[in-house]
Amino acid sequence: MSSVWKTLEKHLINVEKPARYIGLEQGAQQPKHDESNVAWLLTYPDTYEVGFPNQGLQILYEIINESGNSEAERAYAPWVDLEQIMRDENIPLFSVDTHRPAFEFDVIAFNLSSELVYTNLINCIDLAGIPVRANQRGINDPLIGAGGHCTYNPEPLGKIVDFFVLGDGEEVVTEITNVIHKFKSISTSDGNRNSLLKELATIEGVYVPSLYKAEYNEIGNQYLTPKYEEVPKLVEKRTITDLEQWPYPKEQLVPITEVVHDRLNVEVFRGCTRGCRFCQAGMITRPVRERPGEQVRTMIQAGIERTGYDEVALTSLSTADYSGINDVVDQTIIDPANCGQVSISLPSLRVDAFTVGIAASIQNARRTGLTFAPEAGTWRLRQVINKLILEEDLYGAVESAFSQGWRRMKLYFLIGLPTETDEDTLGIARLAANCVAIGKKYTNTASVTVSVGGFVPKPFTPFQWFGQNTVEELNRKISLLKEEVRKTKGVKLKWHDPKATLIEGILSRGDRRLGDVLETVWEKGGTFQEWSEFFDLEIWKESISEHGLDHEWYAYRHRTKKETLPWDHLDAGLYKDFLWQEWRDALDQKGLEDCRWIPCYDCGACTGYGLEHVVASTSPPVGGSQGTWQNMQEGEYAPQLLEITSKKKVGVSK
Amino acid sequence: MIILRLRSTKIGKIRFASHRDIAKVWERAFRRANIPLIYSEGFSPRPKIAYGLALPTGAESECEYLDVKVDDERIGISRILEIPEQLTELLPEGIKVTGMTEINSKAISLQQAVTACTWEMTIAQNKNCVDQWIANVLDSKELIVERTRKGKNVKDDIRPFIVGIEESEINEDGQVVLKAELRTQPRSLRPSEFMKSKLPNLTQIKLCRKKQFIETGDRRLDPLEVGQSLEANMELCSS
């Protein structure tokens, strides 16, 4: 085993935030390298501060290191200053745990949570001293793997990554280890790499792109066919059935230097059944699997004691929907062991479940930021996207928060949604103005920050057929909002760059041909594209046309029902018919209720796998309309059949 | 309430963590050790920990200090004596608590009380060059350095802040090592300024703070030796 530390340490004094590269975090492991072990380098293709808190990597880090035949370390993309030094001084990409060079590992596994990091993934492979194209790597090179939400359309990286994993990684990671372990012990020849990949492809949830031949029809749709009989035609995602069996991370890493989300994280459930039609996470992670309340409490208690954190985030796609939320929040706050010094943050708050009770409990300790996501400015458009929250719900939540002493909050919206009109866009400003007005009743300094992002259609959502708004159209809508927002004191507007939205859209639904484009963008220096100071649309446009492709075709074109989509060979558990029906219903402004509290409408996620939703409590949490736009203040019953009309008009609640 | 002054090291990889990073690390370590601290009042209560002179990121140290207010009604004297060992266990590799004392609540803060530090600098230049440099510095009556302060260019004579420089030595890696004592009052002379005070500027490979002093009259004290309620029996290993 070797280490780059001796060379690296000489240069660290000359780089920004050198503590990013030293390891030593609480909970970090120093695996003893054993030749026969399968060594994983879990890599986040962005900076340390962004990648460190990633819970997926931390869960796998523990599971791999617990097993007898594997070991895991972590790596992150070095910032541009260190990268230059590494290239000048021939320092390869390294693990932060033991500073071992990346090329000494058996697998370099990346987490992909955003399209704009794809060029960083290429850069990391190159920094490791490994060929970036899968077909140029030999038996002695590490395998390149990737997991995370972006792998539901992995095609743009199909020429670069050896294998992708779809869905939950907890179980499949050990199955992959076992296959690699078997191959490590037998003779090494280049033919072996292909046999290894073929065997990996037989694991459920693993997709090996090189084993599929890509062809294109006259309009440019990609068709994939397996090159071998034993390779599955359809790759299904992995789902763990019971979160209780996976209380990970057991020893969450505590950083030495500043990172985002620097707090204890406890995942309270996975999956979401609200059915927001724009939301990929909510679709691909179904069904809902809640962690039992008792386990959540023990994980919080043990975590606080072990880490010394004074903040815990209860994480999920919509934490206020957790059926045991009130008990967990109350008991954490009153726990004498926490001495009133532990604060709770609830990321991803649904406004219709944020009650005075929760507001009061949270603010009991320290106050954390509050963000609500109404997503669209009018009830009409919220029906289209199936975010069935009433204006009353929003105002109720905002009132709860202001009445409990909050002075400012953030509202998150999407622009460029299907069927959006200017009335919908301006509705955003109207909602924000009304929220400020509510706040003024409690404090003169009440303010609301409106954050708008351009909508990117994602695979395996009802909107996967929708052609996204052009950069110009998004810019026009932002100008419209800017003007409108200026009329109300106390409303601030922030927006995501529409140029970046365009590239996200191209990659989100792109095909394998984009691999060449990614490589060209990377060669032209286009890394850290998630960082506005480095994002450069011109490099992308140039590279796309150099390869004879058309960015408008990828991003702006509405797809037809007949077209083959680049991810049709993958299975996220959802029936394509269900998604298509949802797309039609969206256009008819027909909503669909949360299926935890109504009879199953068979989207495929449960029935196809013989699964069921796992809930911690049999009744929905108190408060709001719970996505049914009916009064559920009692919290005792779930309405059975609802008819949602598009005629319902909702005014401002008094 | 009892105020404890702790001395600790910062050696190895951890030297690349900033002063601010380390402050957070301490806060968490106290919480993990379940040591009841006194918190500030108000909107966002913070434990009352006062850190000594900041150490440049990347520099090692054998003598960092902090003062912390502990709620002695909730912790017995025997538990207090275990604090250094307990914290060392919980702190990252390279940070070791090497001493502890109780100080008077009226004691002057570390930032104001410390008057000088000795530094060990490992230098990239050869020994002849370094020795000549030392001689030149020591011979100078004044050493003017320019720096920007609050947007203005200020000229300072830093000669009075150089207490002394020892003869250079060669370490086991064959590198030249220079030891100097630099004042921290009325202003702190940074080792980086010191090395640039005379041409050719010295280039540092490594930097280590060896000692901090509080001078009162003709006595030079380790900050652990200060304070009216000094309890000698509570000081652990003194080196």
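The mean pLDDT of chain A is 90, and 90% of its residues reach 70 or more; pLDDT is the predictor's confidence in each residue, from 0 to 100. Over residues 629-654 of chain A, by contrast, the pLDDT is below 50. That stretch still has 40 contacts in the model beyond near neighbours in sequence, where two residues are in contact if their C-beta atoms, placed from the backbone, lie within 7 Å.

This is a predicted model, in which local features need pLDDT of at least 70, side-chain atom pairs count only at pLDDT 80 or more, and totals for chains, interfaces and linings use all residues. Residues are numbered from 1 along each chain as its sequence is written, while chains are lettered from A and ligands numbered from 1 in the order in which they are written.

Let me turn to chain A as a whole. It holds 20 helices and 19 strands; these are DSSP runs, numbered from the N terminus, with helices being H or I of at least four residues and strands being E of at least two. Of the 654 residues in chain A, 53% are buried. A residue is buried if 20 or more other C-beta atoms lie within 10 Å of its own, exposed if 12 or fewer, and partly exposed in between. Among contacts in chain A between residues at least 6 apart in sequence, 78% join residues at least 24 apart.

Next, the interior. In soluble globular proteins, nonpolar side chains tend to be buried together. A nonpolar core here is a set of buried Ala, Val, Leu, Ile, Met, Phe, Trp, Tyr and Cys residues joined through C-beta atoms within 7 Å. The largest such core has 196 residues, and those touching the most other members are A:W40, A:L60, A:F163, A:L200, A:V206 and A:A432. Helix 14 of chain A, residues 422-440, supplies the largest share of this core, with 7 residues. Apart from this core lies another, of 25 residues, including A:L243, A:V288, A:L314 and A:I344. As for A:W40, its contacts are A:I64, A:S70, A:A72, A:F105, A:V107 and A:A109, not counting residues up to four places away in sequence.

Most residues other than glycine have a negative phi, and most peptide bonds are trans. A:H99 has a positive phi, near 55°, and A:H261 has a positive phi, near 50°. Where is A:H99 placed in chain A? A:H99 lies in the loop between helix 4 (80-88) and strand 3 (107-111). A:H99 counts as buried because it has 21 C-beta neighbours inside 10 Å. Not counting residues up to four places away in sequence, A:H99 touches A:S3, A:V4, A:W5, A:L8 and A:F94. A:H261 is found in the loop between strand 9 (235-236) and strand 10 (264-267) of chain A. With 17 C-beta neighbours inside 10 Å, A:H261 therefore counts as partly exposed.

I now move to chain B. The domain assignment gives domain 1 (2-111 + 222-234) and domain 2 (113-220), with bounds that come from an automatic or database domain assignment. The centres of the two domains of chain B, taken over C-alpha atoms, are separated by 27 Å. Between these domains, 15 residues of domain 1 are in contact with 12 residues of domain 2. Strand 3 of chain B gives the most to the domain 1 side, with 5 residues.

Within chain B, helix 1 (residues 19-32) has 14 residues and reaches 20 Å from its first C-alpha to its last, close to the 20 Å expected at 1.5 Å a residue; the expected span is 1.5 Å times one less than the number of residues. Which residues of helix 1 of chain B are buried? They are B:I22, B:V25, B:W26, B:A29, B:F30, B:R31 and B:R32. These buried residues pack against strand 2 (49-51), strand 3 (60-70) and helix 2 (77-90) of chain B. After helix 1 of chain B comes B:N34, whose phi is positive, near 60°.

Chain B also has cis peptide bonds. One joins B:Q185 and B:P186, with omega about 0°, and B:P186 lies in the loop between strand 10 (176-183) and helix 5 (191-195). Another joins B:L199 and B:P200, with omega about -10°; B:P200 is in the loop between helix 5 and strand 11 (204-216) of chain B.

Finally, the contact between the chains takes 16 residues from chain B and 16 residues from chain A.
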